[in-house]
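Dear colleague,

Please find below the structure I am handing over to you, followed by an account of what was found in it. I would be grateful if you read the two side by side.

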Amino acid sequence: MNLTIPYHLENFIGGNFIGPLSGNFIDNVNPATGAVYGQIPDSGVKDIDLAVKAAKKAFPAWSAVPVEKKFIILNKIAELIDENIEQLALAETNDNGKALWLSKIVDIPRSSSNFRFFATGIMHFASESHHMEDKAVNYTLRQPVGIVGCISPWNLPLYLFTWKIAPALAAGNCVIAKPSEITPVTAFLLGKICKEAGLPDGVLNIVHGTGQHCGEAIIKHPDIKAISFTGSTKAGEHIASIAGPMFKKLSLELGGKNPNIIFNDCNWGKMLTETIRSSFGNQGQICLCGSRILLERSAYENFKKYFIEITKNLKVGDPLNEQSKQGAIVSKVHFDKIMHCIDIAKKEGGTILCGGNAVKLEGRCANGYFIEPTIIEGLTQSCKSNQEEIFGPVVTIQPFDNEEEAVELANATNYGLAAIIWTEDINKANRMAAKVQAGIIWINCWLVRDLRTPFGGIKNSGVGREGGWEALKFFTEAKNVCIQF
Ligand code: NAD
C-alpha cells in the first residue's frame with residue numbers, strides 16, 4: 001500500500017482526502033528533534049458540517065450491512081494495519097516521540113487487535129429477552145445510535161483512536177473522528193487503509209484540528225448523537241457541560257493519579273520490573289501509570305535502593321535507537337508542564353532521589369524534549385504533586401504502616417482510574433481490591449489487557465466503560481419490544 005505522508009495532511013471526508021475549508025493549517029512537530037515536519041488541517045464548524053453530511057448519506061446503507069459483511073471489512077482493516085506495521089510504527093514514533101520498539105510491539109499491534117476484536121465481537125453480540133410467564137414476552141433491539149463522534153488524545157494515538165472507532169463502526173454507526181492535533185499522522189494513514197479495505201465512503205470521516213475549533217464543533221453538532229471522548233479531566237468537564245443539556249450519550253475516559261501499592265511480602269523481582277514499566281512506560285504518559293508509589297514501611301528503604309539503581313540505568317535517547325528505553329516527551333508545552341510540576345514538588349518540600357532534569361542529547365535530537373525519569377520522596381498526600389496528574393516520567397514514593405492506611409492514601413485523590421497491588425497474600429490482595437476506589441485493579445501485574453473486560457474510571461476519571469460488550473452497548477440504543485400473548 002502507498003502510505004506516503006504528505007507535508008500537508010488532509011481530512012478524510014466522504015471517502016475523499018480534502019484540505020480544510022478555511023485553508024488554514026497547524027504545524028506538526030517531531031518532539032524528538034523539535035522540528036516542524038508537516039502541517040495539519042485547522043478544521044472547524046464547516047468541515048464538521050461537511051463530514052456530518054457525508055455520514056448521514058452513508059448511514060442508511062451501512063447500518064443495514066449484515067454483520068458478516070461488516071466483519072469482512074473491519075477484519076481487512078486489521079490485516080492492512082498488520083501488513084503496514086513498519087510504516088505505521090515509524091509514523092507514530094516521529095509524531096509522538098515514543099521509542100520505535102514500543103510503537104512496534106504495543107501501539108500498532110493493539111490497533112489491529114481493536115479492529116479484529118470488534119469485527120468478531122459484533123457477530124456474537126446478542127440482546128436480551130424477558131419472558132413474563134403466560135402474559136407477554138419482551139425482547140431488546142439494539143440499534144446503532146446514528147452519527148457518533150470519537151475524540152482521542154496523543155499518548156497512544158492510533159491505539160486509542162481505533163479503540164473507539166472499531167466498536168462504533170461494528171455497531172453500525174457512521175463516525176466523525178478527531179485525533180489529537182499533536183499526533184495526527186497515523187489517523188490520517190488509517191483513512192487510506194479504510195479506503196483500501198473497502199469501507200464505504202462516508203462511514204468513517206477523520207477530521208483534524210484543535211480541541212477548541214474542531215473538537216468542540218463535533219460536541220456541539222446537533223446531528224451527532226453520542227460522544228466517546230478520551231483526554232484530560234478538564235476537557236471532559238467542559239465537554240460534559242455542552243453535551244449534557246443536548247442529551248447526548250457520553251463516554252468519558254479521563255485522567256488518573258493511580259496508586260501502586262506495594263507490600264513487603266510481594267514477589268520483589270517481578271514487582272521491580274513491572275514498577276519500572278508502570279512508572280516510566282511511554283515516558284509516564286499512560287493514563288494507567290502508577291504515579292504514586294505507596295510502600296509498606298518495612299519495604300521502603302530496600303525498594304528505594306533497588307528502584308533508584310534501575311531507574312538511573314534507563315537510557316533516555318533517540319526514539320529511533322533500539323537501545324533507548326525512554327523517548328521524547330510529546331511536545332514543548334507538555335515538557336514545560338512536567339518541568340514545572342517537578343519545580344512545584346521541590347517547593348512543596350519533596351526530595352528528588354533521582355532525575356529531575358531535562359536531558360540534552362547530541363546530534364539529530366539536540367533540540368528534542370527529553371526528561372530524566374524522576375523519583376520524589378518526602379511529600380504529603382495532600383500536596384499538589386500527589387493530587388494532580390503530571391502525566392510524565394515522574395513518580396512519588398510514600399510509606400504506609402498497615403492496610404487501612406494504604407487504602408486511605410490510595411483513595412485520597414479525586415481520581416479513580418486504576419490501581420496496582422503487590423502482595424503474595426491473596427486474601428489481602430482481594431480485601432484491598434474491594435476497598436480501593438478505581439475502575440481497574442491489577443494484582444501482581446500491570447497493563448495486562450483482555451479486550452473483553454470493562455475499561456474506565458470512577459470519580460473524576462470518567463463516566464461509562466469501554467471494552468467488550470460495554471462498548472457495543474454504548475454505541476447502540478436499546479429498544480424494548482413487548483408482545484402480549
Ligand atoms: P486533552 O483533553 O487536551 O485532549 C484530548 C483530545 O480532546 C484531543 O483530541 C483534543 O484536541 C480534544 N479536545 C480538547 N479540548 C476539547 C474540547 N473543548 N472539545 C472537544 N475536544 C477537545 O488531553 P491530552 O493532553 O490529549 O491527553 C492527555 C490526557 O488524556 C491525560 O489527562 C490522560 O490521563 C488522559 N487519558 C485518559 C485515558 C483513559 O482511558 N482514561 C487514556 C489516555 C489518556
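A polar contact is here a pair of N or O atoms within 3.5 Å; within protein, one of the two must be able to donate a hydrogen and the other to accept it. By that criterion the side chain of Lys-164 makes a polar contact with the side chain of Thr-230, at 2.7 Å. Please bear in mind throughout that the model is predicted.

Two buried side chains

Lys-164 lies in helix α5, which covers residues 157-170. Its relative accessible area is 1%, and because buried means under 20%, Lys-164 counts as buried. Apart from neighbours within four places in sequence, Lys-164 is in contact with Cys-150, Ile-151, Ser-228, Phe-229, Thr-230, Glu-466 and Phe-475.

Asn-114 belongs to helix α4, residues 100-121. With a relative accessibility of 0%, Asn-114 is likewise classed as buried. Its side chain and that of Thr-162 are joined by a polar contact of 2.9 Å. When neighbours within four places in sequence are set aside, the contacts of Asn-114 are Tyr-159, Thr-162, Trp-163, Ala-166 and Leu-451.

Buried residues of α7

Helix α7 spans residues 211-220, and Cys-214, Gly-215, Glu-216, Ala-217, Ile-218 and Ile-219 are buried in it. Which elements cover these buried residues of α7? The cover includes the helices α1 (45-64) and α8 (233-243), together with the strands β7 (147-151), β8 (174-178) and β10 (226-230).

Two helix pairs

Two packed helices are described by the angle between their axes and the distance between the axes.

For helix α9 (residues 268-280) and helix α10 (residues 297-312), the axes come within 11 Å and cross at roughly 60 degrees. The two helices α9 and α10 are therefore oblique to each other, and their crossing is right-handed. On the α9 side the contact is made by Trp-268, Met-271, Leu-272, Thr-275, Ile-276, Ser-279 and Phe-280; on the α10 side it is made by Ala-299, Asn-302, Phe-303, Tyr-306, Phe-307, Ile-310 and Thr-311.

Helix α13 (residues 403-410) packs with helix α14 (residues 426-435) at an angle of about 35 degrees, and their axes are 10 Å apart. The crossing of α13 and α14 is right-handed. Here Glu-403, Ala-406 and Val-407 of α13 meet Lys-428, Arg-431, Met-432 and Lys-435 of α14. The residues of the contact between α13 and α14 divide into three nonpolar, no polar and four charged.

Positive phi values

Most residues other than glycine have a negative phi. Two residues may be noted against that background.

Gln-283, although not a glycine, has a positive phi of about 60 degrees. Gln-283 is placed in the loop between α9 and β13 (292-296). Buried or exposed, what is the state of Gln-283? Gln-283 is buried, at a relative accessible area of 2%.

Lys-459 is a residue other than glycine whose phi is also positive, near 50 degrees. Lys-459 sits in strand β20, residues 458-459. Its relative accessibility of 33% means that Lys-459 counts as partly exposed.

With kind regards

Methods:
Residues are numbered from 1 along each chain as its sequence is written. This is a predicted model: local features need pLDDT of at least 70, side-chain atom pairs count only at pLDDT 80 or more; totals for chains, interfaces and linings use all residues. Side-chain values use heavy atoms; hydrogens and water are left out. Helices (H or I, at least four residues) and strands (E, at least two) are DSSP runs, numbered from the N terminus. Buried means under 20% relative accessible area, exposed over 50%, partly exposed in between (1.4 Å probe, protein chains only). Contact means heavy atoms within 4.5 Å. Axes are lines fitted to C-alpha atoms, for helices over the stretch in contact, and angles run from 0 to 180 degrees between N-to-C directions. A crossing is left-handed if the near helix is turned anticlockwise from the far one by less than a right angle, and right-handed if clockwise. Ala, Val, Leu, Ile, Met, Phe, Trp, Tyr, Cys and Pro count as nonpolar, Asp, Glu, Lys and Arg as charged, and the others, Gly among them, as polar. Angles under 35 degrees count as roughly parallel, over 145 as roughly antiparallel, 65 to 115 as roughly perpendicular and the rest as oblique.
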